[in-house]
Amino acid sequence: MQYFSLLKKRAVGLFLLHFIFSCNTKSDSSQEGGLGNEQPKITLQINSNKSYQTIDNFGASDAWACQFVGQWPDQKREKIADLLFSKELDGEGSPKGIGLSLWRFNIGAGSAEQGSESGIGDEWRRAESFLELDGTYNWDRQKGQVWFANAAKERGVGKLLLFPNSPHVNFTKNGKAYSSDGKSNLAADKYPDFAEYLANVVQGLENKGLTVDYVSPINEPQWDWSKGNQEGCPYWNNEIADFVKVLNKEFEEKAISAKIDIAEAGQIDYLYEQGNRPGRSNQITDFFDESSENYVGDLSHVGNVISGHSYFTTSPNTKSVEKRAALANSVRSVPKLKFWMSEYCILGGNDGEINGNGRDLGIDPALYVAKVIHNDLVVANATAWQWWLAVSPYNYKDGLVYVDYQKEDGEVYESKILWALGNFSRFVRPGFNRIDIAQSSGHPNENLLCSGYKSPDTGELTIVLVNSDSKAFSINLELDKQAVAASKAYLTSKDKDLEQVGLVDASSIELPPRSVMTIVLNP
């Protein structure tokens, strides 16, 4: 992930398309002009027999702070692990954590071992590696990250994904973990070395009792990665395809079961159009069209997934919806292909809607992120949604949990972004199917979003509502044309952190202003 300024804004249309995915208010004479004190009423019409994608996971990354925070005093790191991974409830019936179902482990490129000679000024953005600069392996490296990976496993996180931002410095052209010229820093004759390194790390972690499910060898190949502000490496599509073929062979020879995830595009539109990155974009067609020279869809370890990042495409909302609808159409053109939104935090100025600069633990960025999650799941049909920095020391809107910028100990700060994500991740579990929800006729309200999910095992339904409006709403539920009462409700708002709320009338639920609510139904 790279902190760029926003790309030049393009004019977009399709304003009406947004309302296909918005909750529409059922108005009466007292509401249409905003008169009276009665809350606008909304009836959600749930069709449990009409389903869309199956959810794979919700995740976050251990870069970069976990290398230090994972070695903090037990009480602090255990608290953070509970916030991120726990599925337990407290004595009041509220979640202790957000129950992530995938954890992203950053395989370092060795810039930490290089120290100041790495050219990366921020020590927290250098990454340690199990591979030493002398070519030997030291499996006592990356202790903090290994601790968090084990903490995730102990708390029931089902999937582990490994990703490097750059090839190891032993294999790069310039001996650094970033490019000197905006071109790939990995020479073709080093592909086997890099592939062997990734395979060795998989096996080394598995020897520590961790099961590796996915390896994502390429990260945001569209960017030049020449500023040295973090590890990174650009690639052209043909280079990605050639390396993935080498890595697939390495995995076959070593009987590694992990799937290869490609290609973590820096923006989702690089997946389906050429844009301003010719040769590094249009990746759905390039990698999964059998007629393409870069086709890798038939390789034994390549999953039926294309991954991309939601950066620079989330505002204004009309553009967000337009791009995600185009992405969904492109993914549907390839049988059985799925889309993973594999990295996001709030960057840039977002057309004046919200600025990435400045840490904000409050509800405003949480509502913005919840809207992004909604659009990625409902419009783009993402089967996975993964945040960037699980733990951040920065004065930026990039963290779920924040910590002091201190390597050995410090304070821990919870954010509303953490709990807003938890409205999805804690209750929408792997294997749940997204189901259809329609709204009764009335005036559409673009500040109110809803999505629904169904357990294939129990039939339990999860409804997530995002209310960015300054007014409350009264929510009524219909399941398969029959009125139904909610079983439980959990609220993230200015005053609540994914707390279970009492239902005075389970058949008519009050949705507070500027909040995210998860409603659970047990039909």
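Visitor: What should I know about the numbering and the model before we start?
Guide: Residues are numbered from 1 along each chain as its sequence is written, and side-chain values use heavy atoms, with hydrogens and water left out. The model is predicted: local features need pLDDT of at least 70, side-chain atom pairs count only at pLDDT 80 or more, and totals for chains, interfaces and linings use all residues.

Visitor: How many salt bridges are there in the whole structure?
Guide: The search finds 23. A salt bridge here is a side-chain nitrogen of Lys or Arg within 4 Å of a carboxyl oxygen of Asp or Glu.

Visitor: Which residue pairs with Glu78?
Guide: Arg155 does, with an N to O distance of 2.5 Å. The two residues are 77 apart in the chain and link distant parts of it: Glu78 is in helix H3 (residues 74-85), and Arg155 is in the loop between helix H5 (143-154) and strand S5 (159-164). Helices (H or I, at least four residues) and strands (E, at least two) are DSSP runs, numbered from the N terminus.

Visitor: Is Arg155 buried or exposed?
Guide: Buried, at 15% relative accessibility. Glu78 is partly exposed, at 30%. Buried means under 20% relative accessible area, exposed over 50%, and partly exposed in between, with a 1.4 Å probe and protein chains only.

Visitor: What about Lys496?
Guide: Lys496 forms a salt bridge with Glu499, and their closest N and O atoms are 3.6 Å apart. Lys496 is partly exposed at 29%, as is Glu499 at 28%. Elsewhere, salt bridges with shared partners join Glu113, Glu128, Glu132 and Arg141 into one network.

Visitor: Changing topic, how much space is in the largest pocket?
Guide: About 290 Å³. On a 1 Å grid over the protein atoms alone, a pocket is an open set of points with protein on both sides within 12 Å along at least five of seven lines; a cavity is a set where a 1.4 Å probe fits but cannot get out, and lining residues have an atom within 4 Å of a point. Points are joined across faces, edges and corners, and a volume is the space filled by probe spheres set on them.

Visitor: Which residues line the pocket?
Guide: There are 13, with Glu353, Tyr368, Lys371, Asn447 and Ser468 nearest the centre. Helix H10 (363-378) and strand S14 (443-454) each supply at least two, and H10 gives the largest share, 4 residues.

Visitor: How many disulfides?
Guide: The count is 0, a disulfide being a pair of cysteine sulfur atoms within 2.5 Å.
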